[in-house]
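User: I'd like to learn how to read cavities, pockets and sheets in a model. Can you walk me through one?

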Amino acid sequence: MISTFGEQVSISTDELQALVFQCLEKTGDVQKVLILPPDHTRLNSMAGPITEMVYERLVAQGVKVDILPTLGTHNPMTDAQLRMMFGEKIPLEAFKVHDWRNEVVRKGVIPGDMLSALSNGKVDYTVGVEVNRMLFDGYDLILSVGQVVPHEVVGMANYTKNIVVGAGGSDIINKSHFLGAVAGIENILGQTDSPVRRLFNHAVETYLSDLPITYMLTVMEQDYATGEMHMRGFYAGDDVTVFEEACKLARAVNITLLDREPKKVVVYLDPHEFQSTWLGNKSVYRTRMAIADDGELVVLAPALKEFGEDPTIDKLIRKFGYCGTPATLKYVEDDEELRSNLGAAAHLIHGSSEGRFNITYCPGNDVSLDEVRSVGFDAAPYAEMAARYNPDELKDGWNTLPDGEEIFYISNPALGLWAYKEKFKDQL
């Protein structure tokens with residue numbers, strides 16, 4: 001393993017490039033390489049600059065390099081988003097588009113008895129291990145790049161998730177997300193080990209072990225005083241050690257444990273990253289263990305334009321809404337289309353407060369307040385709420401407004417996890 005890390009470390013661009021090149025040297029002689037970076041919704045991961053470094057280095061050596069952003073269920077990236085994420089130097093034709101519904105190949109099936117064991121008997125379906133067919137196009141090296149950070153479905157993002165979800169097919173995406181939902185989001189968030197992580201690791205180790213995968217993982221932290229992002233850790237290697245070591249640091253720098261529960265949390269959704277509730281509900285996931293009972297989450301969402309990033313999922317969200325676990329499970333039982341899209345069902349569960357606190361979405365001009373209310377949230381105009389809770393003036397953390405109202409503000413929910421310390425399950 002190649003690594004540099006520490007809670008006070010800040011890896012510079014030059015230091016990062018040296019680490020990336022050191023990793024490439026250890027991979028040996030390669031002629032054809034596939035890079036699997038995240039999309040623009042992980043803009044702060046530094047995966048964009050890393051991808052650019054790898055591409056330029058290898059192409060200069062005569063290597064054929066393809067790039068497959070690991071979209072999972074997200075929309076394909078626009079040219080502008082590709083440039084924002086990966087810079088101007090990589091030709092656009094180097095980027096391929098992952099189609100999670102159609103361009104995948106099934107390499108094996110995980111039996112229902114394993115799912116029953118992972119879920120304590122709550123589900124017993126089989127899971128098809130499906131990944132993009134490009135992974136089997138004769139690459140000498142598959143470089144999986146991304147950030148380790150608390151995650152609502154698997155506990156901590158990246159590693160094998162980037163392979164079987166980011167570049168995965170509908171069966172494992174849908175069923176793994178539903179497994180996470182029935183296991184309980186608050187039992188999973190921020191945990192290195194989880195039922196879903198065990199599923200992903202088993203899938204890769206059992207059915208994809210012949211693929212030449214090397215992982216480059218980052219741990220990022222924002223300095224909330226300056227807004228600057230710091231790379232606290234870089235880890236590269238081909239086994240679980242890189243992930244486990246990255247998780248230790250991410251748990252230290254990306255989880256904020258609060259001494260008391262805020263009655264009101266205000267979250268801002270950066271327009272570059274968040275245009276849907278499918279993504280914007282990180283505001284719900286990452287704060288739900290912090291908010292007090294009967295409290296309120298205010299989501300400032302100026303660029304909201306849709307609910308799902310996929311037409312089918314968008315339709316299902318509009319049809320059923322964020323109505324809580326019991327109602328969603330009943331809908332799964334009664335509705336064939338939702339039952340065939342368990343990832344959407346899981347998202348509906350994750351995005352509900354289960355009636356414990358109120359969620360108010362504040363969209364710009366692309367989604368009406370009535371549309372927001374129709375999926376189970378309260379709604380208020382962005383301009384009105386941003387005038388009161390001005391993201392340009394608030395600081396991350398506790399704020400007291402001129403009229404005495406106290407709020408807890410988060411400028412980007414994708415960067416961490418916030419929890420009342422009595423609610424967070426510690427794990428070494």
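User: How many residues line the second largest cavity, and which lie nearest its centre?

Analyst: Keep in mind that this is a predicted model. A cavity is a space where a probe fits but cannot get out. Here the second largest cavity is lined by 15 residues, and Thr41, Arg42, Gln147, Val149 and Ala414 lie nearest its centre. About 100 Å³ of space lies in it, and its lining divides into five nonpolar, six polar and four charged residues.

User: What is the volume of the largest cavity, and which residues are closest to its centre?

Analyst: The largest cavity comes to about 470 Å³. Of its 29 lining residues, Arg42, His74, His151, Lys161 and His177 are the closest to the centre. Helix H5 (160-166) is one of the elements that give two or more residues to this lining, and H5 gives the most, with four. By class, you get ten nonpolar, 14 polar and five charged residues.

User: And what about the largest pocket: which residues lie nearest its centre?

Analyst: A pocket, unlike a cavity, is an open set of points. The largest one has a volume of about 290 Å³. Its lining has 19 residues, with Gln222, Asp270, Asp396, Ser411 and Asn412 nearest the centre. Nine of the lining residues are nonpolar, six polar and four charged.

User: Now the sheet: in what order do the six strands come?

Analyst: Read across the open sheet, they go E15-E14-E13-E12-E17-E16, with mixed pairing. The edge strands, E15 (378-379) and E16 (397-400), each pair on one side only. E16 runs antiparallel to E17 (residues 406-410), joined by four bridges; Asn399, for example, has Ile407 in E17 as its bridge partner.

Methods: Residues numbered from 1 in each chain as written. Predicted model: local features only at pLDDT ≥ 70, side-chain atom pairs only at ≥ 80, totals over all residues. Heavy atoms only, no water. Pairing = 2+ DSSP bridges. 1 Å grid on protein atoms, 1.4 Å probe; cavity = no way out; pocket = protein on both sides within 12 Å on 5 of 7 lines; lining within 4 Å. Points joined across faces, edges and corners; volume = space filled by probe spheres on them. Nonpolar A, V, L, I, M, F, W, Y, C, P; charged D, E, K, R; others polar.
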